Every structure is written in structure tokens, then in C-alpha cells.
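The entries follow in the order in which I looked things up.

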Amino acid sequence: MNIYDVSKKAGVSIATVSRVLNGNQNVSDKTKDRVLAVMEELGYTPNVFARGLGLNTMHTIGILCSDSSDAFLANAVYYIEQALRKNGYESFLCCTGYELENKKNYLRLLLSKRVDAVILVGSHYLESNKSDNDYILSAAAKVPVMMINGYLNHPNIYCTLCDDYQAVYDTVERLASHGRKRFAFLYRSDSSSSRTKLKGFRDGIAAAGLTISEDAIRLCPNDILLTKGILTSLYSEGTSYDAILASEDGLAVAAVKFAGQTGIRVPEDLEIVGYNNSLLGICTEPELSTLDNHVETLSITTVNTLMRVLQGADVPNKTMISNDFIARGTAY
């Protein structure tokens, strides 16, 4: 049973049924009552697609998120959905995982639902191979595409991101000013954000006149205990650090647990800095110093930008937000 059946049975156009569904006042009471009676007779339940027919808008936004178990991404989706509702929009959420084909398939699915725009949450949607981003460019030919923590310079794509490079660069400078010389950088994936942070780390090390071995840059599993084990093994083999920067708080928590297990004093002998300012940061002892990339601001700014785009305003392709260093117990 669909809107076409209601239209035929009631003897009115699909646009009229749509106006009834949306509470449009330009429908006579008699016609409205007839349409509602037919819907009840046929057992038709209106849905978001029917409400959009004839109005050139579904008032629905598609959201792609690679991993809903990730604290940063989950928070971003929460704030996005809240902001969309305040603006009268509903949303479809698809958790794509990290495989490119799955991302393409889910984006096609959202476009088939006639969404008004798509929001890509997280830097994993920006592929290092430029041609792999063609599916995003194609989507932008149909609807506005919003990117959080990714940047593509292309018509109808609008990006909101934090300055990951500068945040990490400045943190290296900060810790080097404390006399730290043996740095390590921990990251979890080859995402656009991780690559940007790593460049900030390398450039910060060079600017401080320091050198590090490639072994000090560690791709770690998405598991706190396994990452702690890696650091413990390195320590037992004679590798030690006096500063550890992590691309996300979970990896920094692993470093705190490693230090506690091996008796290394934090922050006296080892300063540790995480990233994202998540709830994990206040679950360690000492509490975690971290870089706050303002997930709420990122998310709400993205939605506000989208609303302006949908209203036909002239909107910049890129909006950059600064990070803040949150000093707690693991770094000065």
C-alpha cells in the first residue's frame, strides 16, 4: 500500500495527498477528510518519503558514519541528529565500516531515498587515492555533501574540520619546551586525520631540532590492552620515551596503563597527551591531558552550514576550527 493507491482511491492528485500529509492549509476540509478516510480504510501509514512528494524536499538528511562504537563518531552523530531535529529535519544513519565498496553502496542507498543532503562523519571517507573519492564527487552533483574532518575542494561539497596539524605541531613544541626529547606517536588507522596529525608531529619534531626513529611512530590496534602490551614489550627491550602523543584518547589511556604497570612516573618522567577530549580522559589516574577538537562545535557548525546551503546562501567550501589543549594530570 502506497501513496499512489491513496491518490487513486480518493480521486485526488499525489500532490494533494502530500499536502494533506504535511498539514498544508491549502486543502479544503472536505478533501482532507476524504484523503484521511481513504488512508484509514486502506491501512496506509504515511512515511517520510510520502511526505516529501510534491514538495521537492524530503526534509531528511542522510548520515554516513564508519563506526558507531567510536566515541568521537558516536558523539558527532548524536549532536548532528539533535541539530537536524531542531531545524525540522529527520535523518537516516548508515554505519558503513571502513571498506570503500561498502561506503559507495551505502551512499547510493541514501541517494535512492531522495535525501536532501548527505553528511559524511569522520576523516575515513577521504581516501588517499584521489580517484577513490569520485563517488563523493558524483553524489555532490545531486545533493549537497557535508564532510566532517575531511576536505575535498569541489562544488557542492562543504567541509568542517579541526586544525589537526597545528594542534599536534604546537603540542610537540609545548612538550619540547619541557625538555622532552624521546617522543613517540601512536595512531590507529591510515585516515586523513591521522595522516594530518602525523605530519604535524614530524614537522614539530624537526622544528624542535630533534630526531626520532621510525620505530617511535606506531600503528596500534583498536584495543587498549593490546596497545599497552606493545609499549610494555618495547620497554622490556630497552626502548623508553619521555613524551607520548596519541591520535586518540584510547591509545593515550593505553600509555597511562603501561606507565602505571612499569612504575614510570607520569608526568614527571613521561608526559602523555591524547586527542578528542573524550570521557576516557577522566577515567585514568592521573587524568588524561588531551587535545579537544570540539566535536559538538564541529557537528553543530556542519548542520548550520547545511541549513544555509539549503536556503541558497553563499557558503565557503571549508570551515576550520581550532583545537584546545586540555591540561590535566598526564602533561603540563
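This is a predicted model: local features need pLDDT of at least 70, side-chain atom pairs count only at pLDDT 80 or more; totals for chains, interfaces and linings use all residues.

**Second largest pocket**

I began with the lining of the second largest pocket, where α9 gives the largest share, 4 residues. At least two lining residues each come from β5 (157–162), α8 (164–176), α9 and β11 (318–321). I count the lining at 15 residues, and L126, Y151, L161, S192 and T196 are the ones nearest the centre of this pocket. By type, the lining of the second largest pocket has 6 nonpolar, 5 polar and 4 charged residues. I noted a volume of about 230 Å³ for the second largest pocket.

**Largest pocket**

Next I turned to the largest pocket, for which I have a volume of about 520 Å³. Its lining takes in 31 residues, with D70, F72, R188, E248 and N276 nearest the centre. Which helices each supply at least two residues of this lining? I found α5 (71–86), α9 (192–207) and α11 (249–262) among the elements that do. The lining of the largest pocket splits into 15 polar, 9 nonpolar and 7 charged residues. I see α9 listed for the largest pocket and also for the second largest pocket.

**Nonpolar core**

I then looked up the largest nonpolar core, which holds 26 residues. Those with the most contacts inside this core are I61, I80, L84, I119, V121 and L306. The elements that each supply at least two of its residues are β1 (60–65), α5, β3 (117–121), β4 (145–148), β5 and α12 (295–310). The largest share of this core, 7 residues, is from α5.

I followed up I80 on its own. Which residues does I80 contact, leaving aside neighbours within four places in sequence? I wrote down I63, I119, V121, I148, S299 and V303.

**Helix α1**

My last entry is on α1, residues 3–10, where I find I3, V6, S7 and A10 buried. Why do I put these four on the same side of α1? They lie on the same side because they cover an arc of only 100° around the axis. As a reminder, an α-helix has 3.6 residues a turn, so residues three or four places apart point the same way. On the face of α1 turned away from the buried side I noted Y4 and K8, both exposed. After α1 comes G11, and I recorded a positive phi for this residue, near 70°.

Definitions and conventions:
Residues are numbered from 1 along each chain as its sequence is written. Side-chain values use heavy atoms; hydrogens and water are left out. On a 1 Å grid over the protein atoms alone, a cavity is a set of points where a 1.4 Å probe fits but cannot get out, and a pocket is an open set with protein on both sides within 12 Å along at least five of seven lines; lining residues have an atom within 4 Å of a point. Grid points are joined across faces, edges and corners, and a volume is the space filled by probe spheres set on the points. Ala, Val, Leu, Ile, Met, Phe, Trp, Tyr, Cys and Pro count as nonpolar, Asp, Glu, Lys and Arg as charged, and the others, Gly among them, as polar. A nonpolar core is a set of buried Ala, Val, Leu, Ile, Met, Phe, Trp, Tyr and Cys residues joined through side-chain atoms within 4.5 Å. Buried means under 20% relative accessible area, exposed over 50%, partly exposed in between (1.4 Å probe, protein chains only). Contact means heavy atoms within 4.5 Å. The arc is that of the directions from the helix axis to the C-beta atoms.
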